[in-house]
Amino acid sequence: MITTILLMAAITFGSRYLFLHHALPFRVGAKMQRFLSFSAPAVLTAIWVPIVVLPGNQWQLSYQNPYLVAALVAIITAYKSHSIYATTLLSMAVFFALR
């Protein structure tokens, strides 16, 4: 297990180093940079969607799902306030109140 963690850390570091180190002759074009800008939101969406809409491995799209309600509160708060602190605190408070 520790070998797997170390190998994944090395792969992650290597890929970041190749793209971010300025001394290397490798440059990413504008189209590739635009394409790569979508990778973080895609990965985060793949993580949170199953947690929010499939708690307990069942579709739960109702107001009784605290994950879904808190996620909706987080979306609205983030849109209105543009504050990561307000979004985090308010959505966590709603989530814990509903649980």
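**Surface and fold of a predicted model**

Student: In this predicted model, is Phe-13 buried or exposed?
Tutor: Phe-13 has a relative accessible area of 56%. Exposed means over 50%. Phe-13 therefore counts as exposed.

Student: What accessible area do the residues of the nonpolar patch have together?
Tutor: The patch lies on the surface and includes Phe-13, Met-32 and Leu-36. Together, its residues have an accessible area of about 850 Å².

Student: How many helices and how many strands are there in the protein?
Tutor: From the N terminus on, the elements run α-α-α-α-α. The count is five helices and zero strands.

Student: Why is the protein described as more spread out than a compact globule, and what is its radius of gyration?
Tutor: For 99 residues the globule rule gives 13 Å, and the protein is well over that, so it is more spread out than a compact globule. Its C-alpha atoms fill a box of roughly 55 × 40 × 25 Å along the principal axes. The radius of gyration is 19 Å.

Student: What percentage of the residues count as buried?
Tutor: Buried means under 20% relative accessible area. Of the 99 residues, the share that counts as buried is 14%.

Definitions and conventions. Residues are numbered from 1 along each chain as its sequence is written. This is a predicted model: local features need pLDDT of at least 70, side-chain atom pairs count only at pLDDT 80 or more; totals for chains, interfaces and linings use all residues. Side-chain values use heavy atoms; hydrogens and water are left out. Patches are made of residues with over 30% relative accessible area and no salt bridge: like charges are joined within 9 Å, nonpolar side chains (Val, Leu, Ile, Met, Phe, Trp, Tyr) within 5 Å. Accessible areas come from the Shrake-Rupley method with a 1.4 Å probe; for residues, only the protein chains shown count as cover. A salt bridge is a side-chain nitrogen of Lys or Arg within 4 Å of a carboxyl oxygen of Asp or Glu. Buried means under 20% relative accessible area, exposed over 50%, partly exposed in between (1.4 Å probe, protein chains only). Helices (H or I, at least four residues) and strands (E, at least two) are DSSP runs, numbered from the N terminus. The radius of gyration is taken over C-alpha atoms; the globule rule is 2.2 Å times the number of residues to the power 0.38.
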